[in-house]
Each structure stands twice: as C-alpha cells, then as structure tokens.
Amino acid sequence: MAILVTGGAGFIGSHTVVQLLENNQEVIIVDNFYNSSADVLDKIRTIANKDFKFYEYDITCKEQMDEVFRDNDIEAIIHFAGYKAVGESVEKPLMYYSNNLVSTFVLCEMMEKYGCKRFVFSSSATVYGKPASVPIKEDFPLSTTNPYGTTKLMTERILTDIQFAHPDWSIALLRYFNPIGAHKSGLIGENPKDIPNNLMPYILKVASGELECLNVFGDDYDTHDGTGVRDYIHVVDLARGHVLAINKVMNSSGVHIYNLGTGKGYSVLDIVNNFERATGIKIKYKITDRRPGDIDECYADTAKAKEELGFVAEADIDEMCKDGWNFVMHNK
Ligand code: UD1
C-alpha cells in the first residue's frame with residue numbers, strides 16, 4: 001500500500017517524502033517540475049537512503065493519473081502540487097482556477113474509481129483572509145483576497161462536500177502558516193526559479209548577493225515595530241505535521257482541519273535581525289509602500305493540532321535562519 005505525493009519534488013513535498021521514507025512508507029511521487037527540478041529526486045533518495053516510484057506526469061491529466069492508480073495500490077494521497085504565487089494569480093486567474101481545481105477533481109475521481117479514501121490537502125492560512133484577531137483558531141470565519149487563496153478555500157469546500165457524500169473517507173485540511181528553513185543536510189530547500197515573492201527566500205538572495213536590497217513592505221502596520229507579523233515554521237516541522245496527519249486519516253473518517261504553525265509572531269524586522277544574528281550577514285533593506293492585500297498580523301492558535309495530532313513545532317527562528325542559509329551555501 002502506497003502513499004501518492006503530488007508535488008513531491010517541491011519545497012514542502014520533498015521534505016515530507018524524506019520523512020515518509022524514513023518511516024518506511026512506500027511513496028509514489030507525481031510531479032511535472034513546473035516549480036521544481038528533477039535533481040531533487042536523487043537528493044531525497046540520498047537523504048533517506050531509500051527509493052520510491054516517480055512519474056513525470058501532470059495531475060490534471062485524467063489519462064495519466066488513471067495509469068498511476070491502475071498500476072499501484074494507493075491507500076492515501078498527500079496533495080501538494082499547485083500554483084502558489086499570489087500576484088500571478090491576480091493576473092492569470094483562469095490559469096490558477098483551472099490548474100488548482102481540476103487537479104483536485106481528477107484526484108477525487110480516481111479515489112472514487114479505485115477505492116482510495118484518505119486525503120491530506122496543502123491548504124494555507126490565507127483562507128482566514130483578514131482575521132479579526134490573533135492567534136487564529138481553525139473555526140474563525142473564512143475569506144480570501146486573491147484567486148490563489150480562493151483556490152485553496154474552494155478546494156477545502158469541495159473536499160468537505162465530497163467527504164460528506166462518502167462518510168467513510170477521511171480528509172485532513174492542513175492550513176500552513178509561513179514555511180521557511182531547509183533540511184539540515186543542505187541538499188533540499190526552497191529554490192524559487194524567479195525573483196521571490198516571499199520574505200525569507202528574498203532575504204536569502206540579498207544575503208548571497210544576488211539581490212541588492214530587501215524592500216520592507218510598509219512600517220505603519222498595527223504591530224510592535226510597524227512591519228507585518230507572521231508565524232514562521234521550519235519546513236521540517238511542517239513535514240512532520242503531514243506524517244502525523246497521514247496517521248490521523250488512516251485511523252479515522254471525517255474532515256479534520258489543523259493549523260500548522262508555531263503560534264509565535266515575528267515582524268519583518270524581527271526576521272531581518274534574527275537572520276543577521278544567526279548568520280553574521282548584514283541584510284540591506286529599505287522601507288517601501290505596503291503590498292496590496294497584506295495584513296497586520298497572522299499567527300496560529302496551535303492547540304487543536306497539538307491535542308488531536310500531537311503536533312508541536314520544535315525549531316526556533318535561529319535554527320530556521322541557519323538552515324535556510326546552509327541550503328543556499330550548499331547550492332551556490
Ligand atoms: C504569502 C501570501 C499567502 C501565501 C503565503 C505562502 C500574500 C499577500 N500572501 O503570505 O497567500 O499563502 O505567502 O506562499 O502574498 N515582505 C516584505 N518584503 C518582501 C516580501 C515580504 O516586507 O520582499 C513582508 C510581507 O509584507 C509580510 C511578510 O514579509 O508582512 C511575509 O510575507 P510573505 O513571505 O510573502 O508571506 P505572506 O504574505 O504571509
């Protein structure tokens with residue numbers, strides 16, 4: 001019995017596959033390298049010292065996915081693959097809705113056809129929109145501010161409806177906060193192909209000299225230093241959350257919703273300062289205008305994931321900065 005991991009060559013996917021293999025799970029990866037590269041697969045094999053099956057297929061293609069399900073005994077799916085750039089989703093909404101929703105439809109059709117009943121979905125704290133307060137609990141109202149976020153929220157709703165029609169299915173919706181850091185080996189990490197949209201990948205490129213200066217998007221937010229506060233979580237902790245979520249869906253039915261964060265908020269300038277302290281590298285920055293759609297503060301209430309999954313994030317911000325930088329140093 002195998003676990004199908006879509007987007008297993010990506011940032012969070014690759015770290016999760018390592019831990020599944022280390023736990024002796026049989027893994028099948030489907031990835032089309034849209035936002036990842038083939039060399040990650042060998043790096044996963046090197047770290048875990050185990051092998052897995054791989055298909056360079058597109059999960060929106062029903063014929064290709066039918067072959068994967070026909071040829072393998074798939075017990076559960078962890079679905080990471082998807083488009084994830086907020087700005088691009090505003091410019092190309094059709095591309096985002098089409099890819100991110102059709103992939104879910106195809107996977108669910110395969111589940112119905114082949115009797116697979118367990119599904120773990122990569123959702124995002126973006127589904128909380130502009131939260132009325134922090135820390136954010138799973139039962140807070142949901143809304144979105146861009147097509148990317150809407151695809152996450154729509155997928156959550158579609159999966160919830162499908163589970164209702166199949167009461168013996170078990171679905172976990174994992175709402176990630178801000179994943180950063182990298183595997184200790186320095187072999188796998190986040191490697192954006194273009195200029196990064198997210199804070200830590202941008203800082204790493206300033207640190208390595210590829211980009212000159214960090215733009216801090218606004219210093220007039222309602223936070224301790226005026227810059228935006230987020231909940232940064234080490235990707236290795238986040239990956240462990242998926243292993244726990246797989247255990248949960250294997251041993252239950254229903255829809256299970258969890259925040260995966262640390263519960264601690266750091267501002268943009270806190271991150272710059274912590275990065276400088278952890279690595280000894282100075283980050284040049286300037287304050288610019290706010291980025292449209294950004295919110296003041298976003299951090300998780302972690303009680304439900306702790307109580308029901310036994311999930312507690314362990315790495316602190318110093319370790320996240322060091323491990324992220326270690327990955328960059330290994331991949332110059
Ligand atoms: C962003 C997305 C969110 C998505 C998440 C994961 C937006 C509005 N939100 O979250 O939907 O789920 O990424 O991919 O894009 N910052 C700077 N300078 C930069 C980059 C970021 O000051 O060059 C600031 C932001 O204003 C924010 C913080 O750093 O306060 C974190 O930003 P980012 O890493 O992009 O994550 P989110 O905005 O939380």
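## Reading a ligand site and its surroundings

Author: A backbone N or O atom of leucine 199 lies 2.8 Å from an oxygen atom of the ligand. Keep in mind that this is a predicted model.

Reader: Which side chains have an N or O atom 3.1 Å from an oxygen atom of the ligand?

Author: Look at threonine 126. An N or O atom of its side chain is 3.1 Å from a ligand oxygen. Then turn to arginine 230. There, a polar side-chain atom lies 2.6 Å from an oxygen atom of the ligand.

Reader: How much of the ligand does the protein bury?

Author: Start with the ligand alone. It exposes 730 Å², and the protein buries 88% of that.

Reader: Which residues around the ligand come nearest?

Author: The ligand has 19 residues around it. Leu199, Asn215, Arg230, Arg291 and Asp294 come nearest. Next, sort the shell by residue type. Nine are nonpolar, seven are polar and three are charged.

Reader: Which element gives the most to the shell?

Author: Strand S8 does, with four residues. S8 spans 214–217. Helix H7, residues 199–207, also gives two or more residues.

Reader: Now the cores. What tends to happen to nonpolar side chains in soluble globular proteins?

Author: They tend to be buried together. Now the case here. The largest nonpolar core has 39 residues. Within that core, Val27, Ile44, Val120 and Leu174 touch the most other members. A second, separate core has 26 residues, including Ile180, Val206, Val272 and Phe275.

Reader: What does valine 27 touch, beyond residues up to four places away in sequence?

Author: Valine 27 touches Ile3, Val5, Val17, Leu20, Leu21, Phe52 and Lys53.

Reader: Let me try a single residue. Is aspartate 66 buried or exposed?

Author: Check the relative accessible area. The cut-off for buried is under 20%. Aspartate 66 has 12%, so it counts as buried. Aspartate 66 is in helix H3, residues 62–71.

Reader: Which side chain does aspartate 66 join in a polar contact?

Author: That of tyrosine 114, at 2.8 Å. Leaving out residues up to four places away in sequence, aspartate 66 touches Met110, Lys113 and Tyr114.

Reader: And where does histidine 256 lie?

Author: In strand S11, residues 254–260. Use the cut-off again. Histidine 256 has a relative accessible area of 10%, so it is buried too. Its side chain makes a polar contact of 3.1 Å with the side chain of serine 252.

Reader: What else does histidine 256 touch, with residues up to four places away left out?

Author: Histidine 256 touches Ser170, Ile171, Ala172, Leu173 and Lys248.

Key. Residues are numbered from 1 along each chain as its sequence is written. This is a predicted model: local features need pLDDT of at least 70, side-chain atom pairs count only at pLDDT 80 or more; totals for chains, interfaces and linings use all residues. Side-chain values use heavy atoms; hydrogens and water are left out. Buried means under 20% relative accessible area, exposed over 50%, partly exposed in between (1.4 Å probe, protein chains only). A polar contact is a pair of N or O atoms within 3.5 Å; within protein, one must be able to donate a hydrogen and the other to accept it, and residues adjacent in sequence count only if both atoms are side-chain atoms. Contact means heavy atoms within 4.5 Å. A nonpolar core is a set of buried Ala, Val, Leu, Ile, Met, Phe, Trp, Tyr and Cys residues joined through side-chain atoms within 4.5 Å. A residue is near a molecule or strand if one of its heavy atoms lies within 4 Å of it. Accessible areas come from the Shrake-Rupley method with a 1.4 Å probe; for residues, only the protein chains shown count as cover. Ala, Val, Leu, Ile, Met, Phe, Trp, Tyr, Cys and Pro count as nonpolar, Asp, Glu, Lys and Arg as charged, and the others, Gly among them, as polar.
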